[in-house]
Amino acid sequence: MDVLSDVVGTARTGRPHSARVTHTAPFGRWFPATSAAGFHVALQGGCWVLPSGAEPIRLGPGDVVFFPTGAAHGIADDPATPLVPAPASPGAARYGAAANGRAPATVLLCGAYLLDRAAAHPLLRDLPEVIHLPAGPGRHPELRTAAELLGAELRDPPRPGADAMLPALLDLLLLHILRAWFADRRADAGGGWAAAPHAPHVSAALRAIHADPGRPWTVEELGRRARLSRAAFARRFTRLVGRPPLAYLTWWRLTTAARLLRTGDAPVAAIARQVGYASPYAFTHAFKRQYGTPPGAYRTAGRAS
C-alpha cells in the first residue's frame, strides 16, 4: 500500500476545480482563507504571491506555490499593487486578456482541492502554510509535465473527454506537488512526517498498517516488519509519526471507517469488521470517541451536507 496515495485519497472530497487565468499588468487579486487547499502555477510570465503575514514570493515561469491549509494570500504584478477580491468561481476567472494586440503579461494555472479536515492525516497537517517549488534545470520534471498537461487541457474550447481528464490531472498534480516537497525536504528532515516516508524501518510498518488496517497487529509484529526490536521500533515510530504504533493503528482504522461511511453503503457492522473491530458496539464506542458522533449519524450528516 502506498501511504501517500492512501492519505490523499482519504482526505480528498468533492470535485477539485481549476482555471487557466490570464492577467495583464497592473493586476492584484486577493484570495481569502478557505478550507480548500489551493495552488498557483506560472505558465507564462511572472507575478508576486503575497501570503498573509509573510514575505512576498516571486513566481517565475514553471514555479508552483501551494497552500495546503487554504491560507489567505494575494497575487499581483507587483507587491505594491492594490488587491481586489478574486472572482468566487475559478471557472469564470478569465480576465485581463491581452490589450492592443500585446502578449499577456502573466498566465497562471489556479485551482483548489476540497479536503475533509476531520479526516486530515498528520502528514498533511505537518505541511507548512505555504509551499514554494521553484522551477529550475532538472528540478521535478514530472511536476512540470503534469502542470503543462493540465494547462493545455484548460484551453478553450473544451476538448472531448475533458470532464474525466481534468479531475485525473488535478489529482496527478497534487501528488506531484507533495512528492516534490518531500523530496526537497529529504536531505534536512530531522523528524516528523517529512522524514517518515524516507525512514525505511518506519515506512515498512506504515505500509503494513495501511495495506491491512483490520489485521490484529501487535507492536512485536510491526517491529519484525521494520526489522527492529520491539522497543527500538516503538521509539523510532513514535518519534517520527507522533503517536505510538497501536495508537496510530487505531486512529487510521477509524479514519478509514469514516471514509467508508462517507463514500459507500456498506452496513456499519461490515465496516467494523473490515477495519478490525470484533463487534459493532466496540466500533461505535471508538468511533464516537474520535468523531463525537455515532457512525450512523456521521454517515447521515455527511450525505446531508
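**Close-up views of a predicted model**

**View 1. The crossing of helices α1 and α8 is left-handed, a term for a near helix turned anticlockwise from the far one by less than a right angle.** The model is predicted, so local features need pLDDT of at least 70 and side-chain atom pairs count only at pLDDT 80 or more, while totals for chains, interfaces and linings use all residues. Residues are numbered from 1 along each chain as its sequence is written, and side-chain values use heavy atoms, with hydrogens and water left out. The axes (lines fitted to C-alpha atoms over the stretch in contact, with angles from 0 to 180 degrees between N-to-C directions) of α1 (residues 3–11) and α8 (residues 245–263) come within 10 Å and cross at roughly 50 degrees. Contact, meaning heavy atoms within 4.5 Å, is made by Asp-6, Val-7, Gly-9 and Thr-10 of α1 with Trp-252, Thr-255, Arg-259 and Arg-262 of α8.

**View 2. Helix α6 spans residues 219–226 and has buried residues.** Val-219, Glu-221, Leu-222, Gly-223 and Ala-226 are buried, that is, under 20% relative accessible area with a 1.4 Å probe and protein chains only (exposed is over 50%, partly exposed in between). Their cover includes α5 (200–211), α7 (230–241) and α8, and just after α6, Arg-227 takes a positive phi of about 60 degrees.

**View 3. Thr-284 lies in helix α10, residues 280–291.** With a relative accessible area of 26%, Thr-284 is partly exposed, and, leaving aside residues up to four places away in sequence, Thr-284 touches Pro-294 and Pro-295.

Technical notes: Helices (H or I, at least four residues) and strands (E, at least two) are DSSP runs, numbered from the N terminus.
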